[in-house]
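Hi,

Here's the structure I promised to pass on.

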Amino acid sequence: MTRKIELLAPGGDVNAVKAAIVAGANAVYCGLDTFNARNRASNLSFDELNGALRLAHEYGCEIFLTLNVVILEHEMAALFKLLNQLVNTTLDGIIVQDLGLFNIVKKHFPTLHIHASTQLTTHNESQVEFLARIGATRVNLSRELNLTEIKILTDVAHKCDVLTEVFVHGALCIAFSGQCYSSSVSVGNSGNRGRCSQACRDEYEPTAMGNKHPLNLKDNSAYFDLPELVAAGVDSLKVEGRIKGANYVHTVIDSWRKQIDTFVQTGNLIEDDSSLYKVFNRNFTNKFLQGDMTKNMFTDNPRDHSFDHANEKSNAISVVQIYDAQQELAAEKNDIDTLVKKKIEFLDISKRELCFEFAGQLNQPFTVSIIIKDKNDITLSNKNAEHTQQIQRFEVQSQMVMQTADKSVVDIAAIDKRFKSFSNANFEIKNMDYSNLGDNLSIAFKELARIKKQVAFLLNEGKDVLAPVELPKLVNHQKVDKNKTTLSILISDIKDVHLCDLTNGDVYFKLPESFRTDNDKYINVFLAHPQLIPWFPAVLIGKDFEEAVRLLEVVKPKLIISNNTGVAFKAVQMGIDWIAGPLLNTTNSYALLTLQEDLNAKGAFISNEINKPQMRNIKRPNNFKMMYSIYHPILMMTSRQCFFQQTVGCKKPRIDASCMLSCKKETTVTNVKGISFAIDKQKGGYPSIYNHEQFLNMDIVSDFADKFDEFMIDLTDIGSGDKEKLDKAVLLAHFQDLISGQTHAADQLNNMVKVKTRQQYLEGLNS
């Protein structure tokens with residue numbers, strides 16, 4: 001086998017990065033303290049990042065930086081400042097969720113390689129094609145996919161010159177990544193900002209099946225699926241765990257390194273995975289990967305399973321046996337700790353020492369000698385290992401000789417002014433030696449600037465130092481029709497089509513996530529009612545994506561709303577106009593530009609996660625509609641797994657194709673605070689959990705009448721749970737009054753909608 005299989009490790013702090021490197025990772029992904037989806041990890045400082053880059057590259061290991069959150073408009077200046085720093089490092093790639101970052105990097109920082117985060121929920125072929133178009137060099141596929149689906153997407157990616165990456169070990173989310181709002185809704189900490197509070201791990205009141213943790217999945221491990229992943233063409237095997245420590249990272253990466261090397265060399269697998277159970281785990285499952293989603297993917301214990309596994313392995317039953325098993329594991333954990341500390345003890349990421357020697361005499365060139373002193377340990381296996389210092393020396397000369405000073409003197413002050421800036425994230429200036437520089441001599445200052453530029457080139461690993469890019473000023477264009485704000489409605493049942501007669505606004509028809517193959521049910525809906533505008537969901541996998549595309553081909557609508565970039569990509573190819581739905585998490589002006597410039601979007605819904613100040617300065621592109629949903633059920637999470645197996649129970653041992661198409665169960669789960677959440681399963685839909693409150697934001701109508709072209713209300717019954725069904729015609733009439741400025745409308749809506757919130761509009765996303 002000649003194809004490289006990358007082992008990609010988490011690096012939540014400096015020691016974890018070091019542990020990953022010595023354990024044999026080919027690459028490490030880590031984050032800074034900003035723009036990072038693991039806010040709870042220790043993360044790295046910018047100086048530490050530069051040190052980690054230097055260390056990793058000495059070991060032939062790459063470093064990727066996570067910038068995998070949605071970006072707010074007021075953060076753009078700080079983001080540009082960071083990107084200006086990153087382009088002058090040796091960073092190997094950035095991991096990105098926000099669509100606006102693709103636009104920024106492609107236009108202003110093209111030397112940075114972009115990896116599309118799992119937060120982009122990539123699960124169909126055209127999403128991969130879209131990401132390739134906007135600049136992704138690698139795509140982290142949704143972790144809910146099976147091996148067949150992974151192979152199909154990898155084949156497409158390789159045709160687009162894009163690599164694929166798959167999570168093979170670590171924690172599993174019950175929800176589709178990028179489509180979970182439970183933490184945002186319940187405690188105001190969004191997973192899209194790296195602040196997930198892990199509501200899926202929370203304790204709930206015991207369900208009918210007796211489970212207190214009905215949403216808690218076992219950890220993922222594809223340790224024995226390596227041959228199939230290789231056969232699928234996957235380029236990178238990714239281990240989750242940036243909030244875990246060095247011992248965990250070293251143990252897991254070392255185990256996977258041995259597994260990969262053994263398979264490459266012999267074609268066989270190591271059958272013993274016991275080392276993986278010695279560090280934190282919730283027991284393991286590979287059921288998503290196998291496409292065999294059974295109820296044994298769940299565990300009612302969200303805590304560490306390693307001690308339970310030790311008991312099971314030893315068949316410990318009695319108190320004495322359990323004590324002995326626990327003591328043995330504790331000793332093994334202590335041995336791991338000792339081993340890792342010993343391995344990383346002498347790995348140094350401190351700044352390199354930098355010394356300058358300046359020399360020059362009359363009628364001789366001005367010379368700058370650069371001496372770099374770098375600590376490196378080259379005897380890690382030696383018990384008496386000591387630091388050894390490597391020294392590099394460079395010399396730069398002027399292209400003209402020094403002359404007797406007329407006015408300007410090249411003295412210590414002039415040199416200091418130009419060279420002290422080299423004391424930065426990579427270097428600490430220890431000495432500046434002027435002993436061989438003559439007095440009262442001069443050289444053209446433009447020549448001194450040229451020398452400094454050459455020194456910067458040498459200190460930057462032989463790369464030109466790129467000049468800072470200023471944050472461009474975007475034009476805020478007027479509304480498409482500056483005197484008009486419309487009200488649109490969303491329905492999902494043909495019984496509600498009569499509402500079209502009660503409004504002059506657009507009527508969207510919500511499509512399910514799953515379709516019967518070659519069934520024209522929804523095609524016929526749009527052919528019979530051409531006034532309805534198709535609304536596509538966020539997740540469309542495999543044959544369901546193909547059926548969604550077939551609907552476009554047959555119906556040929558003039559306009560669609562899509563929460564899925566794959567469907568949008570196909571629509572553009574067919575000449576169909578589209579608008580980005582609210583589940584594309586659009587939070588800034590540059591995301592709007594990406595949608596318009598790369599995907600020909602005609603408009604976009606602004607995310608419901610952001611508040612009034614956060615959306616105030618978003619700039620509208622020219623001839624582009626901005627929209628916002630003011631009334632809807634609040635989606636907390638959507639899953640490919642089944643929520644009913646652990647709650648009300650299900651006779652089926654595993655999820656099959658008929659579950660999506662026929663099941664329409666509903667129930668609730670109640671947390672220990674007594675708050676209940678509706679679990680809803682529509683025919684053709686994925687199981688979803690909704691907040692107990694309805695989203696109702698009437699303030700935005702007056703706050704931003706000049707900003708938004710359209711406000712939307714959701715009149716579907718999806719996610720309503722056991723709430724009283726309201727008269728949709730009356731609701732619509734009240735909302736129309738609200739949009740037209742009638743003062744009584746707010747009171748009427750407050751009287752009708754009893755359980756409601758606009759908390760997200762008040763709190764927004766945490767910075």
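Lysine 258 counts as partly exposed, at 46% relative accessibility (buried is under 20% relative accessible area, exposed over 50%, partly exposed in between, with a 1.4 Å probe and protein chains only). Lysine 258 makes a salt bridge with aspartate 254, with 3.0 Å between the closest N and O atoms; the term means a side-chain nitrogen of Lys or Arg within 4 Å of a carboxyl oxygen of Asp or Glu. Both residues sit in helix α9 (residues 246–266), four residues apart, or about one turn of the helix. Helices (H or I, at least four residues) and strands (E, at least two) are DSSP runs, numbered from the N terminus.

By the way, this is a predicted model: local features need pLDDT of at least 70 and side-chain atom pairs pLDDT 80 or more, while totals for chains, interfaces and linings use all residues. Residues are numbered from 1 along each chain as its sequence is written, and side-chain values use heavy atoms, leaving out hydrogens and water.

On to the other salt bridges: the whole structure has 32. Aspartate 292 and arginine 654 meet in one at 2.5 Å, N to O. Aspartate 292 is in the loop between α10 (287–290) and α11 (306–314), and arginine 654 in the loop between β23 (625–638) and α20 (657–662), so the pair ties together parts 362 residues apart in sequence. Aspartate 292 is buried at 18%, whereas arginine 654 is partly exposed at 37%. Glu6, Arg138, Glu165 and Lys238 are linked in a salt-bridge network.

Cheers
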